[in-house]
Amino acid sequence: MHSTFVQKNTYSFFNDHVRVGNTIILKTWNQDYNDLTITDLLRSNPLTPLYDESRVGGYGAVSDWMKNMDNPIGHLDLNDFERHGMDLLVNAYVEVDLGLKGLKYKFNTGVNKNNLRRYQYSQKYDFGINKSSTNRLEEESKWEDQWMIENTLHYDNTFGKHTVSGLVGYSAQNIQIEK
């Protein structure tokens with residue numbers, strides 16, 4: 001599996017009253033894998049012939065008494081399963097002190113984009129008990145776009161032994177998913 005992960009955070013203070021920040025996260029991956037496990041290899045019969053040109057797919061068959069097993073090398077050669085994708089998150093905010101002690105306005109926005117592509121191709125085979133008489137191709141693509149916007153006013157102040165806090169705001173969010 002090949003993957004990349006990049007994250008960048010930035011926070012800035014223009015003066016004592018204005019704060020700005022953002023986050024960018026990018027993750028990509030490319031997986032080329034199979035569902036064959038090390039357990040499948042360890043429990044395979046070493047007497048099973050690796051190749052048999054007389055069988056569909058050209059690989060040897062496991063014995064009838066070996067239930068739910070494949071020829072592990074044939075399984076690897078005759079199947080191709082891949083996943084590729086990207087996730088991108090971008091977030092930014094601005095926070096401003098509004099002059100009255102403890103009163104702050106904050107604008108926050110973010111975008112999240114995801115895409116995924118899955119591909120699986122299996123050739124026909126005959127491994128004895130486990131057989132497939134047709135070639136099979138499956139493909140899937142998925143895109144997901146999200147955005148969010150928030151506007152908030154926050155008041156927080158202490159008067160002697162008493163503290164007053166309040167938050168008022170508005171938030172909007174949208175999610176679109178396409179398959």
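This is a predicted model: local features need pLDDT of at least 70, side-chain atom pairs count only at pLDDT 80 or more; totals for chains, interfaces and linings use all residues.
**Salt bridges, rings and a hairpin**

I began with R136, which is partly exposed at a relative accessible area of 39%.

Residues are numbered from 1 along each chain as its sequence is written, and side-chain values use heavy atoms, with hydrogens and water left out.

**Entry: salt bridges**

Which residue does R136 meet in a salt bridge? I found E138, at 3.2 Å from N to O; a salt bridge here means a side-chain nitrogen of Lys or Arg within 4 Å of a carboxyl oxygen of Asp or Glu. E138 is partly exposed too, with a relative accessible area of 29%. I then saw that salt bridges with shared partners join R118, R136, E138 and E140 into one network.

Next I looked up R118 and E140, whose side chains form a salt bridge of 3.2 Å, N to O. R118 lies in strand β4 and E140 in strand β7, so this pair ties together parts 22 residues apart in sequence. Strands are DSSP runs of E with at least two residues, numbered from the N terminus. R118 is buried, with a relative accessible area of 18%, whereas E140 is partly exposed at 27%.

I also checked K113, which forms a salt bridge with D145, their closest N and O atoms being 2.7 Å apart. K113 belongs to β4 (residues 103-122) and D145 to β7 (residues 136-159), so the pair ties together parts that are 32 residues apart in sequence. K113 is partly exposed at 35% relative accessibility, and D145 is partly exposed at 29%. By this rule I get a count of 10 salt bridges.

**Entry: a nonpolar patch**

V111 also lies in strand β4, and this residue is partly exposed, at 38% relative accessible area. I find V111 in a nonpolar surface patch with I24, V90 and W147, their accessible area together being about 310 Å². Patches take residues with over 30% relative accessible area and no salt bridge, joining like charges within 9 Å and nonpolar side chains (Val, Leu, Ile, Met, Phe, Trp, Tyr) within 5 Å. The areas come from the Shrake-Rupley method with a 1.4 Å probe, and for residues only the protein chains shown count as cover.

**Entry: rings**

How many aromatic pairs does a search of the whole structure find? I get 2 aromatic pairs. The ring centres of Y51 and Y59 are 5.3 Å apart and their planes stand at 35 degrees, so I log this pair as tilted. Y59 is buried, with a relative accessible area of 9%. Y125 and F127 have ring centres 4.6 Å apart and planes at 25 degrees, so this pair is stacked. Both Y125 and F127 are buried. For my records, rings of Phe, Tyr and Trp (its six-membered ring) pair with centres within 6.5 Å; planes under 30 degrees apart are stacked, over 60 edge-to-face, and the rest tilted.

I also noted K106, whose charged end sits over the ring of Y93, 4.8 Å from its centre. That label needs NZ of Lys or CZ of Arg within 6 Å of the ring centre and within 35 degrees of the ring normal.

**Entry: the hairpin**

Last, I traced strands β1 (residues 2-15) and β2 (residues 18-33), which pair in the antiparallel sense over 13 bridges; pairing requires DSSP to find at least two bridges between strands. A hairpin of 2 residues joins β1 to β2. I looked up F13 and found R19 as its bridge partner in β2.

Key:
Helices (H or I, at least four residues) and strands (E, at least two) are DSSP runs, numbered from the N terminus. Buried means under 20% relative accessible area, exposed over 50%, partly exposed in between (1.4 Å probe, protein chains only).
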